[in-house]
Amino acid sequence: MAAARAAGRDPAALTLLAVSKTQPQAAIREALAAGQRRFGENRVQEAAAKFPALRADYPDLRLHLIGRLQTNKARDAVRLFDVIESLDRPNLADALDAAMAREGRRPDLLVEVNLGDEPQKSGVAREAADGFIAACQARFGAALVGVMGIPPLEADPAPYFAWLAACARRHRLGVISMGMSADFEAAIAAGATEIRLGAAIFGARPAAA
Ligand SMILES: *Cc1c(COP(=O)(O)O)cnc(C)c1O
């Protein structure tokens, strides 16, 4: 990828997540046919409707949950997703721990940080992030693989991306999921290991989404 090379980064070290929320199965099948294997969805129910059939045809598909997870859907999420990027509060950690024990399945986990401390957004507050990440590492061990974040809409994203990358380094976490269609180049320059692209891959979503 040009943006990775421009930032002096190895494109092979960068994971591209195709964000397929609101996209029909046909669009996802096109991406699969083109070789894409990692997809991100923000709702458990929507993913449950679309992905089991796709997984049957593409067993190497990897599905990431990138949206807020309610504790009562933790068990469905553990069953369905390979990576859960929205671990952001202690009661969700409890629910995921219990669900993983019951299902005998351990998805990779990322702690989501609310980079702009915006009340309407999910994610653990920045000042609570270190403590929460340490607690999750103690509890989940190697299943806790990284951090995820979304900078505030109107701001220069660079300092927020730099903060998240430094946070990952402090905790020796390898996965840094940051950067969307509008700001992935800045995210790559700041050290993203995974970018999450929806519109840039599938085109604009319907306004309702
Ligand atoms: C929708 C979404 C994306 C993709 O957004 P685009 O602007 O379409 O690239 C990435 N991350 C999260 C958490 C999302 O909800």
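Buried means under 20% relative accessible area, exposed over 50% and partly exposed in between, using a 1.4 Å probe and protein chains only. The views below show a predicted model, in which local features need pLDDT of at least 70 and side-chain atom pairs count only at pLDDT 80 or more, while totals for chains, interfaces and linings use all residues. Residues are numbered from 1 along each chain as its sequence is written, and side-chain values use heavy atoms, leaving out hydrogens and water.

**View 1. An aromatic pair, F39 and F51.** Let's start with two rings. Rings of Phe, Tyr and Trp (its six-membered ring) pair if their centres lie within 6.5 Å; planes under 30 degrees apart count as stacked, over 60 as edge-to-face and the rest as tilted. The count by this rule is 1 aromatic pair. F39 and F51 make a tilted pair, with 5.9 Å from centre to centre and 50° between the planes. This pair links distant parts of the chain, since F39 sits in strand β2 and F51 in helix α3, 12 residues apart. Both F39 and F51 are buried.

**View 2. The two sides of helix α2 (residues 25-33).** Helices (H or I, at least four residues) and strands (E, at least two) are DSSP runs, numbered from the N terminus. Which residues of α2 are buried? They are A27, I28, A31 and L32. Seen down the helix axis, the buried residues of α2 fall within an arc of 145° (taken from the directions from the axis to the C-beta atoms), so they line one face of the helix. A26, E30 and A33, on the other side of α2, are exposed. The buried residues of α2 pack against β2 (38-41), α3 (44-57) and α9 (199-202), where contact means heavy atoms within 4.5 Å.

**View 3. Just past the helix: G35 and Q36.** Just after α2, G35 takes a positive phi of about 110°. Q36 is found in the loop between α2 and β2. With 16% relative accessibility, Q36 counts as buried. A polar atom of the Q36 side chain lies 2.9 Å from the backbone oxygen of L16. Leaving aside residues up to four places away in sequence, Q36 touches L16, L17, A18 and A31.

**View 4. Residues around the ligand.** An N or O atom in the K21 side chain is 2.7 Å from an oxygen atom of the ligand. A polar side-chain atom of R196 lies 2.9 Å from a ligand nitrogen atom.

Terms used: Near = heavy atom within 4 Å. Polar contact = N/O pair within 3.5 Å; in protein donor to acceptor, adjacent residues only side chain to side chain.
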